[in-house]
Amino acid sequence: MAKISLGKGINQGLRAAMEKDPKVLIMGEDIGKLGGVFRVTEGLQKDFGEDRVIDTPLAESGIIGTAVGLALRGYRPVCEIQFDGFVFPAYDQIINQVAKMHYRSMGKLKMPIVIRIPFGGGIGAVEHHSESPETLFAHVPGLKVVTCGDPVDAYWMIQQAIATDDPVVFFEPKRRYHEKAELDENAEPFPLFKAKVVREGADATLFCYGPMVKTCLQAAEAALEDGRNLEVVDLRSVAPLDLATIFASVKKTRRAVVVHEAPLSLGPGSELAARVSEECFYHLEAPVLRVTGYDTPYPPSRMEEEYLPDLDRVLDAVDRVMGY
């Protein structure tokens with residue numbers, strides 16, 4: 001088994017999906033000859049041609065609107081939004097067409113569209129290049145919202161998303177693009193919308209996804225020095241949440257901390273905390289705590305280390321949740 005990066009995992013996953021189904025095509029800004037600003041689509045236009053790997057104008061609304069038409073004609077378009085903050089010109093199309101077409105047609109029409117969005121901070125970028133807008137899509141009925149946290153999931157999840165008849169917003173943790181892991185292409189893939197226990201523990205659960213998976217695993221290792229055995233659950237799917245896995249972990253550890261880069265108020269952690277409080281109230285030894293970005297616009301890059309959840313903030317929340 002060779003080691004691959006998360007970015008390469010998505011690249012190979014896209015290649016596998018395109019080889020399997022000639023109706024799969026990719027479209028986005030600079031994704032063809034350049035291979036995308038992160039080189040995730042590198043080599044695909046050369047091998048599959050300009051009819052299936054399409055360099056588009058800088059017009060996100062046009063990209064998604066074109067994908068809607070293609071999906072109605074039986075294609076399975078994969079759209080790349082170059083950076084998280086660039087998606088908003090396409091928000092109208094995503095919310096009013098992509099998310100609603102299946103319901104509007106009483107199930108007659110399907111929208112097998114994947115919208116890839118590199119998201120999150122930690123790369124020293126300028127405004128509009130480090131945001132975490134997943135909540136804005138998770139709130140919309142008709143959309144699935146997933147994110148990969150490691151190269152293996154990147155490889156399998158992009159293929160599973162493309163094979164799904166529902167529209168999927170696929171968030172990619174851009175600061176983890178170069179993280180590496182061994183990939184076994186013959187292994188059985190983990191279900192797309194199921195959370196994964198990536199570290200077993202007994203004292204409290206850290207719930208996370210995307211770029212925060214590595215941070216939480218590091219926090220769990222550091223917590224061992226204080227004699228605390230933390231469980232880490234990679235949610236993988238923000239909408240729908242895999243509530244069965246979430247509840248099982250909370251009932252086991254009786255304490256929970258949710259970690260994400262998105263702002264605190266009305267973030268994914270809010271929904272998770274509410275569901276856990278409703279369904280696991282008599283199992284909890286402490287309130288569900290959240291470690292998140294702040295309720296401010298994303299700051300200039302020289303200040304982002306103060307904004308992003310890090311090891312110290314996660315361990316501080318663990319101290320508090322264990323102190324109840």
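**View 1. Surroundings of Ser 5 in a predicted model.** Ser 5 touches Pro 151, Tyr 177, His 178, Glu 179 and Lys 180, leaving aside neighbours within four places in sequence. Contact means heavy atoms within 4.5 Å. The residue lies in strand β1, residues 3–5. Strands (E, at least two residues) and helices (H or I, at least four) are DSSP runs, numbered from the N terminus. Ser 5 counts as buried because its relative accessibility is 14%. Buried means under 20% relative accessible area, exposed over 50%, and partly exposed in between, with a 1.4 Å probe and protein chains only. The side chain of Ser 5 reaches the backbone nitrogen of Lys 8 at 3.1 Å.

Residues are numbered from 1 along each chain as its sequence is written. The model is predicted: local features need pLDDT of at least 70, side-chain atom pairs count only at pLDDT 80 or more, totals for chains, interfaces and linings use all residues, and side-chain values use heavy atoms, with hydrogens and water left out.

**View 2. The open sheet of 7 strands.** The strand order is β3-β2-β4-β5-β7-β6-β12, and the pairing is mixed. Two strands pair if DSSP finds at least two bridges between them. At the edges stand β3 (53–55) and β12; each has a single partner strand, so one side of each is left without a neighbour in the sheet. On average, neighbouring strands are turned by 20° against each other, direction ignored. Strand β2 (residues 24–28) pairs with β3 in the parallel sense over 3 bridges. Within this pair, Ile 26 stands opposite Val 53 in β3. Helix α1 (residues 6–20) lies across β2, β3, β4 (76–80), β5 and β7 (168–173). Its direction runs at about 135° to β2. Axes are lines fitted to C-alpha atoms, for helices over the stretch in contact, and angles run from 0 to 180 degrees between N-to-C directions.

**View 3. The open sheet of 5 strands.** Here the order is β9-β11-β10-β13-β14, again with mixed pairing. The edge strands are β9 (196–199) and β14 (289–293); each has a single partner strand, so one side of each lacks a neighbour in the sheet. The twist averages 25° from one strand to the next. Strands β10 (residues 204–208) and β11 (residues 230–234) run parallel and are joined by 5 bridges. Cys 208 has Asp 234 in β11 as its bridge partner. Helix α10 (residues 268–279) packs on the sheet and touches β10, β13 (256–263) and β14. The direction of α10 makes about 155° with that of β13. Helix α12 (residues 311–322) lies across β10, β11, β13 and β14, at about 165° to β14.

**View 4. The β13 and β14 pair.** These two strands pair in the parallel sense over 4 bridges. Val 259 has Val 291 in β14 as its bridge partner. In β14, 4 of the 5 residues are buried, so the strand is largely enclosed by the rest of the structure.

**View 5. Packing of α9 against α10.** Helix α9 (residues 243–253) and α10 pack at an angle of about 60°, with axes 11 Å apart. The crossing is right-handed. That term applies if the near helix is turned clockwise from the far one by less than a right angle; anticlockwise is left-handed. From α9, Leu 243, Ile 246, Phe 247 and Val 250 meet Leu 272, Arg 275, Val 276 and Glu 279 in α10. The contact residues divide into 6 nonpolar, no polar and 2 charged. Ala, Val, Leu, Ile, Met, Phe, Trp, Tyr, Cys and Pro count as nonpolar, Asp, Glu, Lys and Arg as charged, and the others, Gly among them, as polar.

**View 6. Thr 215 in helix α8.** Helix α8 spans residues 212–223 and holds Thr 215. With 6% relative accessibility, Thr 215 counts as buried. Beyond four places in sequence, Thr 215 touches Arg 176, Pro 309, Asp 310, Leu 311 and Val 314.

View 7. Most residues other than glycine have a negative phi, and most peptide bonds are trans. The bond from Ala 239 to Pro 240 is cis, with omega near 5°. Pro 240 lies in the loop between β12 (237–239) and α9. Met 106 has a positive phi, near 55°. Met 106 sits in the loop between α5 (101–104) and β5 (114–119), and is exposed, with a relative accessible area of 71%. His 128 also has a positive phi, about 75°. His 128 belongs to the loop between β5 and α6 (134–138), and is partly exposed at 39%.

Conventions:
A polar contact is a pair of N or O atoms within 3.5 Å; within protein, one must be able to donate a hydrogen and the other to accept it, and residues adjacent in sequence count only if both atoms are side-chain atoms.
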